[in-house]
Amino acid sequence: MRQFDVIQKHVENLKEDFEKFYGRGNKAAGGRVRKGMQELKEMAQEVRVDVKNRKDVSKDSQQVA
């Protein structure tokens, strides 16, 4: 669950910049939103890889038994 907590915190930290960009048109906040979303994409990919690896290990251990 640690990965979920990290992702959730990251999204919460982006909220203010989303409001500044979409609500007030602050262009600098838009850059921070783009950067934050790229980081979120990378985090999501890490989770995807971890899930696949854990499923593969689980599958391998079931085949051995």
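**Figure 1. Surface and overall form of the protein chain.** The protein chain exposes about 5,700 Å², and carbon and sulfur atoms supply 54% of that area. Accessible areas come from the Shrake-Rupley method with a 1.4 Å probe, and for residues only the protein chains shown count as cover. This is a predicted model, in which local features need pLDDT of at least 70 and side-chain atom pairs count only at pLDDT 80 or more, while totals for chains, interfaces and linings use all residues. Residues are numbered from 1 along each chain as its sequence is written, and side-chain values use heavy atoms, with hydrogens and water left out. The protein chain has two helices and zero strands (DSSP runs numbered from the N terminus, H or I of at least four residues for helices and E of at least two for strands). Its radius of gyration is 17 Å, well over the 11 Å that the globule rule gives for 65 residues, so the chain is more spread out than a compact globule. That radius is taken over C-alpha atoms, and the globule rule is 2.2 Å times the number of residues to the power 0.38. Along the principal axes, the C-alpha atoms fill a box of roughly 60 × 15 × 10 Å.

Figure 2. Helix 1 covers residues 2-24; at 1.5 Å a residue its 23 residues should span 33 Å, and its end C-alpha atoms are 33 Å apart, which agrees. The expected span is 1.5 Å times one less than the number of residues. At Lys15, helix 1 bends by about 30° (the angle between axes fitted to the seven residues ending there and the seven starting there). Gly25, with a positive phi near 75°, follows helix 1.

Figure 3. His10, Leu14 and Asp17 are buried in helix 1. Buried means under 20% relative accessible area, exposed over 50%, and partly exposed in between (1.4 Å probe, protein chains only). In the chain as a whole, buried residues make up 14% of the 65 residues. Glu12 also lies in helix 1 and is partly exposed, with a relative accessible area of 48%. The C-alpha atoms of Glu12 and Asp50 are separated by 23 Å, the two residues being 38 apart along the chain.

Figure 4. Val49 is in helix 2, residues 27-64, and counts as partly exposed at 40% relative accessibility. From Val49 to Gln8, 41 residues apart along the chain, the C-alpha atoms are separated by 18 Å. Gln62 lies in helix 2 and counts as exposed at 59% relative accessibility. Gln62 and Ile7 are 55 residues apart in sequence and 31 Å apart in space, C-alpha to C-alpha.
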